[in-house]
Amino acid sequence: MCKEITDPKRIVIKVGTTTLIYPNGNINLASIDELAFVLTDLQNQGKEVILVSSGAIGVGLNQLQLSQRPFSIPEQQAVAAVGQAELMDIYNQRFQVYSQQTAQILLTRDIVEYPESRNNVINTLEELLRMGIIPIINENDTVAVDELDHLTKFGDNDRLSTIVSELTRAELLIMLSDIDGFYSDNPLKNKQAKLHRRITKIDDELMKQAGGSNNQFGTGGMSSKLKAAKRVLDVNGSMVLANGKRPKIIFDILKGAEVGTLFKGESF
Ligand code: ADP
């Protein structure tokens, strides 16, 4: 197994809402606590860790005791604004148990378009990492818009996590989802679906195997994860997609164990 997987200096970890929220809408404290433990331990080992976290709307719904996602964009933005503050509160509490400082970074796509903005973000992230702080990144839902002449949305956090990996030149991107990896078909619909252990190239045939999300909180489904993986492969990076039900799986990945789906070019 190559050094980028078993001994990366800098790692971006992306968690989906399904890792943070139970299907009944309540907060999965066990999972968040384990995540704080694992990321702090990696930091203690001398690695640099960046967390890209979804979950603002899920946590906001729980906080406001709403049973379903509101329909209008302003309502969703309001719920996300409530949820983002609460989510950071929960992260801060859990990380504090392990004496690990975190920081919140909210981004819009401007960081891709405008060099000044991009440099500011890179400088802030580099300084936080130098200070031994774990940045926790999410899209700035209040500001992001999706218009032809002014596109500031990333679309989804799978995309955002690849952009963060590129900006910070992270050696490894680990995506934690509610499924063991990328299958030949959606395993929730097709029991015969087989887990892909290693993907070196993403072509149309593979894209056809990726379906949408089955979860009320999920957004991109597998197709947005594959598009993200393609971008990682295009810049010769490494990505592992694995099940976030047990965040300690990150230790297994770094030990080179056969878990999840590894996206890595032919070169090793
Ligand atoms: P997250 O919230 O972690 O981003 P999503 O719900 O967006 O997760 O995406 C994961 C879901 O994608 C799985 O639970 C599964 O139902 C669905 N899916 C569709 N096609 C596939 C596939 N080929 N392999 C694995 N999962 C798939």
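**View 1. Residue classes in the shell around the ligand.** By class, this shell holds 15 polar, eight nonpolar and four charged residues; Ala, Val, Leu, Ile, Met, Phe, Trp, Tyr, Cys and Pro count as nonpolar, Asp, Glu, Lys and Arg as charged, and the others, Gly among them, as polar. The model is predicted: local features need pLDDT of at least 70 and side-chain atom pairs pLDDT 80 or more, while totals for chains, interfaces and linings use all residues. Residues are numbered from 1 along each chain as its sequence is written, and side-chain values use heavy atoms, without hydrogens and water. The ligand is surrounded by 27 residues (a heavy atom within 4 Å), and the closest are S177, D178, S213, G221 and K225.

View 2. A polar side-chain atom of K225 lies 2.7 Å from a ligand oxygen atom (polar contact: a pair of N or O atoms within 3.5 Å). Backbone N or O atoms of Y183 and of Q209 each lie 2.9 Å from a nitrogen atom of the ligand. Of the 580 Å² of accessible area that the ligand has on its own, the protein covers 99% (Shrake-Rupley method, 1.4 Å probe).

**View 3. Helix 4 against helix 5.** Helix 4 (residues 56-63) packs on helix 5 (residues 73-97) at about 95 degrees, with the axes 6 Å apart; axes are lines fitted to C-alpha atoms over the stretch in contact, and angles run from 0 to 180 degrees between N-to-C directions. Helices are DSSP runs (H or I) of at least four residues, numbered from the N terminus. The two helices are therefore roughly perpendicular (65 to 115 degrees). Contact (heavy atoms within 4.5 Å) involves residues including I57 and L61 of helix 4 and V79 and L87 of helix 5.

Terms used:
A polar contact is a pair of N or O atoms within 3.5 Å; within protein, one must be able to donate a hydrogen and the other to accept it, and residues adjacent in sequence count only if both atoms are side-chain atoms. Angles under 35 degrees count as roughly parallel, over 145 as roughly antiparallel, 65 to 115 as roughly perpendicular and the rest as oblique.
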